[in-house]
Amino acid sequence: MLFRIFIDQSGGAVPRRIRLDYLKSDSSQTLREGLEEYYAAHPNLTDPRQLDAAFARIILAHDASHVIYGCDTGMYDELKLLPLTWWTSDYHFSDHLRTLRDPAIGPAVKIMYDDLIKEHGSLWLYSSMLLVLPKLVPELIRLWWRNRGRGRFVPFLAFEPLLDRSLVEIRREFDLLPLMARRPG
């Protein structure tokens, strides 16, 4: 089943929120299938397959991270994804800083921010950041604490060998399941 509808408090099906399968911690989808679902669910995002290879590489890795970590495109998960990636993948904060300064790849990061603004508007972007920070900061502290001394890192830019593996298998191998347990209410 591609989409699952959330059930409201009264027990009736409501289409206001759709739960994608790649967001489920125990998803049996492959990473490739999860990416297909991600792009189908977010048609306003820039498809990296239509971009120059230098741009596409970082955007595709970011999108694969959404799927691997089970993060949606809401502000909470967008703000959570970057530090989570730094702490659990082989793409660390220093790599991110180099990427931002790289004249060939840095503009790709701007495309991701432009997509957010195009989809939701700049007022939404900045007000959402401020609204989610009180919920997010304790979660980030918990994630940082759990990932100190991590020995195995998820491949960020070289994720292609994971494409045909199930998400639950990837999440188990890299000990990501405990990091997916909490979602804001």
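Visitor: Is tyrosine 91 buried or exposed, and why does it count that way?

Guide: Buried means under 20% relative accessible area, exposed over 50% and partly exposed in between, with a 1.4 Å probe and protein chains only; tyrosine 91 has 5% relative accessibility, so it counts as buried. This is a predicted model, in which local features need pLDDT of at least 70 and side-chain atom pairs count only at pLDDT 80 or more, while totals for chains, interfaces and linings use all residues. Residues are numbered from 1 along each chain as its sequence is written, and side-chain values use heavy atoms, with hydrogens and water left out.

Visitor: How many aromatic pairs are there?

Guide: Rings of Phe, Tyr and Trp (its six-membered ring) pair if their centres lie within 6.5 Å, and planes under 30 degrees apart count as stacked, over 60 as edge-to-face and the rest as tilted. By this rule there are 5 aromatic pairs. The ring centres of tyrosine 38 and tyrosine 39 lie 5.5 Å apart with the planes at 70°, so this pair is edge-to-face. Tyrosine 38 is buried at 2% relative accessibility, and tyrosine 39 is buried at 11%.

Visitor: Which residue forms an aromatic pair with tyrosine 91?

Guide: Phenylalanine 156 does, in a stacked pair with 4.3 Å centre to centre and 25° between the planes. Phenylalanine 156 is also buried, with a relative accessible area of 6%.

Visitor: Which rings does arginine 148 lie over?

Guide: A charge sits over a ring if NZ of Lys or CZ of Arg is within 6 Å of the ring centre and within 35 degrees of the ring normal. The charged end of arginine 148 sits over the ring of tryptophan 144, 5.8 Å from its centre, and arginine 148 also lies over the face of tryptophan 145, at 3.6 Å from the ring centre.
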